[in-house]
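Dear colleague,

I am handing over the structure below, and my notes on it follow. Please read them alongside the coordinates.

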Amino acid sequence: NLESLDEFIAVNRSNYSAYRDALADVPGLSLVQHDESERCNYQYVVLEVDEKQAGITRDELVHVLQAENILARKYFWPGCHRMQPYRSYFPNAGLLLPETERVAARVVVLPTGTAVNPDQIRTICGIIRLCTQQAPELRRLQARKAGVAQ
């Protein structure tokens, strides 16, 4: 809806800023930054998870967020080189694209848009922060759950 475009962009930018501010001091997490000199719609809030610093993988974080009914998803996953027709033409492309593989395994897109309000963003960021703070316990519980399911 082009008449509301500026409003949508303003909400998305505000949401992006709220996520950025709330997660700024969490080790191992960083939002993909936007070039402030360019016009951007802030349609996606992309979080990069460094497992070594955060203590949790992107997949573990997405699992928890989805379990809490938060619409978070793996971003650029799988990489295009792992989808058809590229996968058939270049089955070993992953060996030639180590940086793509690394980034594709680390990024998650967080919910944004007019349906997401500041309180929800604070809740989401609180869950994310808790996941990093309690990563060993979270892993232990997930491993125990996986063992029970087998």
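**Surface patch and strand pairing**

Tyr86, Tyr89 and Phe90 make a nonpolar surface patch of about 400 Å². Patches are made of residues with over 30% relative accessible area and no salt bridge, nonpolar side chains (Val, Leu, Ile, Met, Phe, Trp, Tyr) being joined within 5 Å and like charges within 9 Å; accessible areas come from the Shrake-Rupley method with a 1.4 Å probe, and for residues only the protein chains shown count as cover. A salt bridge is a side-chain nitrogen of Lys or Arg within 4 Å of a carboxyl oxygen of Asp or Glu.

This is a predicted model, in which local features need pLDDT of at least 70 and side-chain atom pairs count only at pLDDT 80 or more, while totals for chains, interfaces and linings use all residues. Residues are numbered from 1 along each chain as its sequence is written, and side-chain values use heavy atoms, with hydrogens and water left out.

Tyr86 lies in helix α4 (residues 86-89); helices (H or I, at least four residues) and strands (E, at least two) are DSSP runs, numbered from the N terminus. Tyr86 counts as partly exposed because its relative accessibility is 44%, where buried means under 20%, exposed over 50%, and partly exposed in between.

In strand β2 (residues 45-49), five of the five residues are buried, with Val45, Leu47 and Val49 on one side and Val46 and Glu48 on the other. Four bridges join β2 to strand β4 (residues 107-110) in an antiparallel arrangement, and two strands pair if DSSP finds at least two bridges between them. Leu47 has Val108 as its bridge partner in β4.

Best regards

Methods:
Buried means under 20% relative accessible area, exposed over 50%, partly exposed in between (1.4 Å probe, protein chains only).
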